[in-house]
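This briefing covers helix packing, the nonpolar core and a set of individual residues. The structure is shown first.

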Amino acid sequence: MEERIKKLFEVRPDQLPTSIPLFPLDNVLLLPFGKLPLNIFEERYLEMAFESLKKDRMIGIIQPKNNNNEFFMMGCIGKITSFIETPDYRVVLNLEGVCRFVLKDRELTPKGYYQGKINFQDYFEDLNSMEPQIDRKNLIMKYENFFKMKKLEIDQEVLSETSNLQLLSTLAMLAPFNKLDKQAILESPNLLSRVNTINSILDLNTFQIVSSNNSNQLN
């Protein structure tokens, strides 16, 4: 019974949409199995959210390249898992990352948001919830050092309760990386590549912070 109920909440490859409303968010990363809260208040995106809730509850999160309505070519499908309407006419959504996609084309809808034609054929592996084997201790240590240098804190209780799969999504989404670093993590072909990309970005950022601090001390 429990397994049958679980399947009701899972997204199968044949349920993924080939056309999806796009929500461009600068310096925001959504990864498969990651959780992303959204506070929606613009009329066009309220329309987008309500349309999505009527259909498959899926929205494409994608980063803008610039202020000229150019987008990066890869984003991630997010499934609305809960929503709240507020007294001041906002909608607070919770998204769960489902599967990455490549943006093939897009058009501006009459309601003011973009509808994208997407391809996700190369990313069905994103739907696999099997736990990856990673050097969890080393990865967390690097994140802790990086956050500490940025004068930020990581919730240790959350870390201890997070699965390896969620760890590869959650911390990358929370970390104060720049938009290009976040896009590089998103575009990593598979989980092993994502681990390597995250490690490289953490090492480089940490080195730059240490070098900058040493330079400031000398001056």
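A residue counts as buried when its relative accessible area is under 20%, and as exposed when that area is over 50%, with partly exposed in between. Lys 182 has a relative accessibility of 6%, so Lys 182 is buried. The model is predicted.

**Lys 182 and Asn 27**

- Lys 182 lies in helix α6, which spans residues 179-186.
- Setting aside residues up to four places away in sequence, Lys 182 touches Asn 27, Leu 29, Gln 63, Met 173, Ala 175 and Phe 177.
- Lys 182 is 10 residues from Ala 172 in sequence, and their C-alpha atoms are 7.5 Å apart in space.
- Asn 27, one of the residues that Lys 182 touches, sits in the loop between β1 (19-24) and β2 (35-40).
- The relative accessible area of Asn 27 is 33%, so Asn 27 is partly exposed.

- Most residues other than glycine have a negative phi.
- Asn 27 is not a glycine, yet has a positive phi of about 60°.
- Asn 69 also has a positive phi, near 60°, and is likewise a residue other than glycine.
- Asn 69 belongs to the loop between β3 (58-62) and β4 (74-85).
- With a relative accessible area of 42%, Asn 69 is partly exposed.

**Packing of α3 and α5**

- Two packed helices are described by the angle and the distance between their axes.
- For helix α3 (residues 136-149) and helix α5 (residues 164-174), the axes come within 12 Å and cross at roughly 15°.
- That angle makes α3 roughly parallel to α5, because angles under 35 degrees count as roughly parallel.
- The crossing of α3 past α5 is left-handed.
- On the α3 side, the residues in contact are Arg 136, Leu 139, Ile 140, Tyr 143 and Phe 147; on the α5 side they are Asn 164, Leu 167, Leu 168, Leu 171, Ala 172 and Leu 174.
- Sorted by class, this contact has nine nonpolar residues, one polar residue and one charged residue.

**Helix α7**

- Asn 199 is in helix α7 (residues 191-218).
- Asn 199 has a relative accessible area of 16% and is therefore buried.
- Apart from residues up to four places away in sequence, Asn 199 touches Asn 138, Leu 139 and Lys 142.
- Leu 139 is also among the α3 residues that meet α5.
- Gln 208 is in helix α7 as well.
- The relative accessibility of Gln 208 is 44%, so Gln 208 counts as partly exposed.
- Gln 208 and Leu 127 are separated by 81 residues in sequence and by 35 Å in space, C-alpha to C-alpha.

**Nonpolar core**

- In soluble globular proteins, nonpolar side chains tend to be buried together.
- The largest nonpolar core here has 58 residues, and those touching the most other members are Phe 23, Leu 38, Ile 61, Ile 77 and Tyr 143.
- Strand β5 (residues 91-108) gives the most to this core, with seven residues.
- Leaving out residues up to four places away in sequence, Ile 61 touches Phe 23, Leu 25, Leu 30, Leu 36, Leu 38, Gly 75, Cys 76, Leu 95 and Phe 101.
- Tyr 143 is also one of the α3 residues in contact with α5.

- Cys 99 is found in strand β5.
- Cys 99 has a relative accessibility of 0% and so counts as buried.
- Its contacts, neighbours within four places in sequence aside, are Leu 16, Pro 32, Cys 76, Ile 77, Phe 120, Tyr 123, Asp 126 and Leu 127.
- Along the chain Cys 99 is 22 residues from Ile 77, while their C-alpha atoms are separated by 5.4 Å.
- Asp 126 lies in the loop between β6 (114-119) and α3.
- At 8% relative accessibility, Asp 126 is counted as buried.
- Asp 126 touches Pro 32, Phe 33, Val 98, Cys 99 and Arg 100, with residues up to four places away in sequence not counted.

**Ser 82**

- Ser 82 is in strand β4.
- With 32% relative accessibility, Ser 82 counts as partly exposed.
- Ser 82 touches Val 92, Leu 93 and Asn 94, residues up to four places away in sequence not being counted.
- Ser 82 and Glu 43 are 39 residues apart in sequence, with 19 Å between their C-alpha atoms.

Terms used: Residues numbered from 1 in each chain as written. Predicted model: local features only at pLDDT ≥ 70, side-chain atom pairs only at ≥ 80, totals over all residues. Heavy atoms only, no water. Axes fitted to C-alpha atoms, helices over the stretch in contact; angles between N-to-C directions. Helix = DSSP H or I, 4+ residues; strand = E, 2+ residues; numbered from the N terminus. Parallel < 35°, antiparallel > 145°, perpendicular 65-115°, else oblique. Left-handed = near helix turned anticlockwise from the far one by under 90°. Contact = heavy atoms within 4.5 Å. Nonpolar A, V, L, I, M, F, W, Y, C, P; charged D, E, K, R; others polar. Buried < 20%, exposed > 50% of the residue type's maximum accessible area, 1.4 Å probe, protein only. Core = buried A, V, L, I, M, F, W, Y, C linked by side-chain atoms within 4.5 Å.
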